[in-house]
Amino acid sequence: MDYSASFDSAIASLHAEGRYRVFIDILRNKGAFPRARCYHETDKPRPITVWCSNDYLGMGQHPTVIAAMEAALHDVGAGSGGTRNIGGNTHYHLALEAELADLHGKEAALLFTSGFVSNEATLCTLGTVLPDCIIFSDALNHASMIAGIRNSGCSKRVFRHNDLDHLEELLAAAPAGAAKVIAFESVYSMDGDVAPIAAICDLADKYGALTYLDEVHAVGMYGPRGGGVSERDGVADRVTIIEGTLAKAFGVMGGYITAERRIVDVIRSYAPGFIFSTSLSPVLVAGALASVRHLKASQAERDGQQRHAALLKQALVAAGLPLMPSTTHIVPVLVGDPVKAKAISDRLLSDFGVYVQPINYPTVPKGTERLRFTPGPLHDEAMIADLVAALVEVWALFELKLAA
């Protein structure tokens, strides 16, 4: 067996398809986000503006968050000491779980090391412990949800994206006595569209199903306290399990679920991804706790983000750039070719100091390759104007069409 040839072939195929991923070398400037320093292909740092961070509200730079992390570091040290059942169940973890349960109006919450792990571990466990379980999964669900469903070994049904008629057709065809879980997201991160949560809950009630809602791209950003789209729409109480992240709007790291106490206890007791993982550092948990508490009380960050997302969308349309439909803070611009998407991203970085990563297959379907912008409250109108001007120039360079 020629192992080297196999590995070389795997990488070569990505290059040939324009899907090889390059991670640039940057450092954010503390207190000046979205400004950063880029070391990519150079020994000397050069200034850039970050346009693709999932730190949607800049909370990773917030003084309250940083102060909380520094205090925890000096109080208890760096690491957690192990898994939660051995040495890593600190008071910080318990306080954050109580805060997250309150955020979503649930009885309990459970922390994980990432949003990927919380999705994979929870859906895998549900599919394992529920008898004859069938999980109904939206076609655009995140890879972590797909992995959890697959690893559970249970039956699955994939319904067309946000297609209620197709979902009901699949539910109606399932055995009446089987356990059923409908798994879906609130904000779909590559297209920026939103699930009809209330209507999905109606179908769950009708067919005796549980609901599992991934709110990772919405927590902190929607609802009067940042509880996500389910809070904004007044339906959080109808959702069985709400999953979220601490690494996007909350600006730190980690994932979680919230639900009634017995469900959380089952996941805590059965999920290998929880049981056998070292718990989050209390330094990270302290920062996340400060961020959640701040965003429960502050609307300023959410207002700033929505305002700048709207301004960027207006400017892109006015310039004739191919803005894809989005009703949220996600601002996708269609390129439609993986090689050009990567080349445009490279040129924006090298010539204009604009950092935005290309989004290619398998993250999005082939032919829908795009640039995905995430304007936040710390961007400003001058940055938006500079970005759109750079895009227009690069579009012309690559002979891409602008709308009339």
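Student: How many bridges join strand β8 to strand β9, and do the two run parallel or antiparallel?

Tutor: Strands of a sheet pair through backbone hydrogen bonds, either parallel or antiparallel. In this predicted model, β8 (residues 210–214) and β9 (residues 241–245) run parallel and are joined by 3 bridges. Aspartate 214 has glutamate 243 of β9 as its bridge partner.

Student: What is the strand order of the open sheet of 7 strands?

Tutor: The order is β4-β10-β9-β8-β7-β5-β6, and the pairing is mixed. Strands β4 (108–112) and β6 stand at the edges with a single partner strand each, so one side of each has no neighbour in the sheet. From one strand to the next, the twist averages 20 degrees.

Student: How is the pairing of β5 with β6 to be read, and what unit do they make with helix α5?

Tutor: Strand β5 (residues 134–138) runs parallel to strand β6 (residues 155–159), and 5 bridges join them. Isoleucine 135 stands opposite lysine 156 in β6. Together with helix α5 (residues 143–152), β5 and β6 make a β-α-β unit, which is right-handed.

Student: Which strands does helix α6 lie across, and which does helix α9 touch?

Tutor: Helix α6 (residues 164–173) lies across β5, β6 and β7 (180–185), and runs at about 155 degrees to β6. Helix α9 (residues 261–270) packs on the sheet where it touches β4, β9 and β10 (255–259), and its direction makes about 25 degrees with that of β4.

Student: What is the order of the open sheet formed by 4 strands?

Tutor: That sheet has the order β1-β2-β3-β12, with mixed pairing. Its edge strands are β1 (26–28) and β12 (354–355), each of which pairs on one side only. Over 3 bridges, β1 pairs with strand β2 (residues 35–38) in the antiparallel sense. Cysteine 38 in β2 is the bridge partner of isoleucine 26.

Student: At what angle do helices α3 and α11 pack, and how far apart are their axes?

Tutor: Helix α3 (residues 91–104) packs against helix α11 (residues 282–297) at an angle of about 30 degrees, and the axes are 9 Å apart. Angles under 35 degrees count as roughly parallel, so α3 is roughly parallel to α11. The crossing of α3 past α11 is left-handed.

Methods
Residues are numbered from 1 along each chain as its sequence is written. This is a predicted model: local features need pLDDT of at least 70, side-chain atom pairs count only at pLDDT 80 or more; totals for chains, interfaces and linings use all residues. Side-chain values use heavy atoms; hydrogens and water are left out. Axes are lines fitted to C-alpha atoms, for helices over the stretch in contact, and angles run from 0 to 180 degrees between N-to-C directions. Angles under 35 degrees count as roughly parallel, over 145 as roughly antiparallel, 65 to 115 as roughly perpendicular and the rest as oblique. A crossing is left-handed if the near helix is turned anticlockwise from the far one by less than a right angle, and right-handed if clockwise. Two strands pair if DSSP finds at least two bridges between them. A crossover is right-handed if, with the strands pointing away from the viewer, the path from the first strand over the helix to the second runs clockwise. Contact means heavy atoms within 4.5 Å.
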